[in-house]
Amino acid sequence: MAILMVLLVLLSDKVLGGAETAVVDIVEEAQEGSATSSSKGNFVAVPIPFSNPTIGTGVNAALLYLHSKRPGDDRSPNATSGLGVMYSDTDSWGAGVFHDDAWGNDRFRFTGFAGYGEFNLKYYGVGDNPILARNPIDYGFKISVIAPQFQVRIPGTDHWFAGIHYLYLDSDSVFQLSEFLPWLPEIRGRIRTAGIGPAASYDSRDNKYYPTRGQNAQIKWTDYAQQWGGDFDYRKLLMFVNHYQPVGNSTVVALRARTETVSGSAPFFDLPYLDMRGFARGRYRDDLTLSLHTEVRHKFLPRWGAVAFVEAGWFGDDLHDITSNKTILSYGGGIRWQLTEEQPLNIGLDLAVSSDDYTVLVQVGEKF
């Protein structure tokens, strides 16, 4: 059930440069999400409130169908299909459908997503731009996205998968430059991006919702080009490594390193961004980003817990640039409540303070 939040905010994540990551998150969460044995499928309908500095405060609503297991295919996770909608107080909304599946005793995995959304956001510029950072430009963004992915378990391994992914995005944007200077007109534009490339992942976590030990790593390369259906030619590389270490029976230390880089003429919304808390997503974006995360998670009652975290990030044109730029810091903590007794899926309320801002976040599932 952790896929609920991911599914319903996927469109807003893409607007901010992370749809391909969100699609992978859907796969990771859905693969084990309904893995308990069942002789028949069932529907789940859930409303989930959310609050974040990017798209405001609102509600998600999801209808999921948890498929029954195929006879003789006990190792494969249950397939999951879903329909989700979201709306926020910034008049941002989105709707999408997805399906994930696994077969051949979990040798093959597939996930696919299609959706549409209209979002009212803020543009903070690229790089360390103090003018726009203090005076972001309002813009509207309409977006359609299609994102399938197929993976195969690497022979002779228990935790390695490799495959191919595709992403197509069609968007219309309207920049309200009058917010910056009253006499400036609106700027409108249509952008299409399409990319295809390989993806490899390693996952030895003991649980997808609340891991207490193991690792989760991924490397993904995407070639965006006109021959795949887009208007831009650029390449993008994403890598991350997560490690989970138990400390006693009730505490987990979660560590994460993440980097993303782009080469070529990428549109502004698909530039790498610092995936940290304490500021609006998209606040810090450039050709290269790097971030390190440490989070301590503690359960003080069977269904109640707390977290504390520290994060550091860097961004710039290249490796030399990010080492010379300032370090972006964020820290904070929050409370967790487990939604069901059967699955360790939490809803949380976090306060995060960064170098330039602070945020209060309502979320389902852990940050990583």
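## Strand 12 and its neighbours

Strand 12 and strand 13 (residues 304-316) run antiparallel and are joined by 13 bridges. Two strands count as paired if DSSP finds at least two bridges between them. Within this pairing, V296 stands opposite A308 in strand 13. A hairpin of two residues joins strand 12 to strand 13. Strand 11 (residues 251-264) also runs antiparallel to strand 12 (residues 288-301), with eleven bridges joining them. Here T259 has L290 in strand 12 as its bridge partner.

## Basis of the model

This is a predicted model: local features need pLDDT of at least 70, side-chain atom pairs count only at pLDDT 80 or more, and totals for chains, interfaces and linings use all residues. Residues are numbered from 1 along each chain as its sequence is written, and side-chain values use heavy atoms, with hydrogens and water left out.

## Overall make-up

The protein chain holds five helices and 16 strands. Both are DSSP runs, numbered from the N terminus: helices are H or I with at least four residues, strands are E with at least two. Of the 368 residues of the chain, 52% count as buried. Buried means under 20% relative accessible area, exposed means over 50%, and partly exposed lies in between (1.4 Å probe, protein chains only).

The accessible surface of the protein chain comes to about 15,700 Å². Carbon and sulfur atoms account for 60% of that surface. Areas come from the Shrake-Rupley method with a 1.4 Å probe; for residues, only the protein chains shown count as cover. Among contacts in the chain with a separation of 6 or more, 58% are between residues 24 or more positions apart. A contact means heavy atoms within 4.5 Å.

## Strands 9 and 10

Strand 9 (214-224) and strand 10 (234-247) pair in the antiparallel sense over eleven bridges. Y224 stands opposite Y234 in strand 10. Strand 9 is largely enclosed by the rest of the structure, because eight of its eleven residues are buried.

G96 is found in strand 4 (residues 93-103). This glycine is buried, with a relative accessible area of 7%. G96 and G115 lie 19 residues apart along the chain, yet their C-alpha atoms are separated by 3.8 Å. Leaving aside residues up to four places away in sequence, G96 touches G82, L83, G84, F113, A114 and G115.

## The nonpolar surface patch

Which residues form the nonpolar patch on the surface? They are F300, L301, W304, I335, W337, L339, L349, L351, Y358 and V360. Together they have about 920 Å² of accessible area. Patches are made of residues with over 30% relative accessible area and no salt bridge; like charges are joined within 9 Å, nonpolar side chains (Val, Leu, Ile, Met, Phe, Trp, Tyr) within 5 Å.

Strand 12, strand 14 (328-338), strand 15 (346-354) and strand 16 (358-364) each supply at least two residues of the patch. F300 is found in strand 12. With a relative accessible area of 43%, F300 is partly exposed.

## Salt bridges

The structure holds 18 salt bridges. Each is a side-chain nitrogen of Lys or Arg within 4 Å of a carboxyl oxygen of Asp or Glu. One of them joins the side chains of D231 and R192 (3.5 Å, N to O). This pair links distant parts of the chain, 39 residues apart: D231 sits in the loop between strand 9 and strand 10, R192 in strand 8 (residues 186-203). D231 is partly exposed at 34% relative accessible area, and R192 counts as partly exposed at 31%.

R258 forms a salt bridge with E260, with the closest N and O atoms 3.2 Å apart. Both R258 and E260 are buried. The side chains of R277 and E311 also meet in a salt bridge (2.9 Å, N to O). R277 lies in the loop between strand 11 and strand 12, and E311 lies in strand 13, 34 residues apart. R277 counts as buried at 3% relative accessibility; E311 is buried at 1%. A network of salt bridges links R277, E295, R297, E311, R336, D350 and E366.
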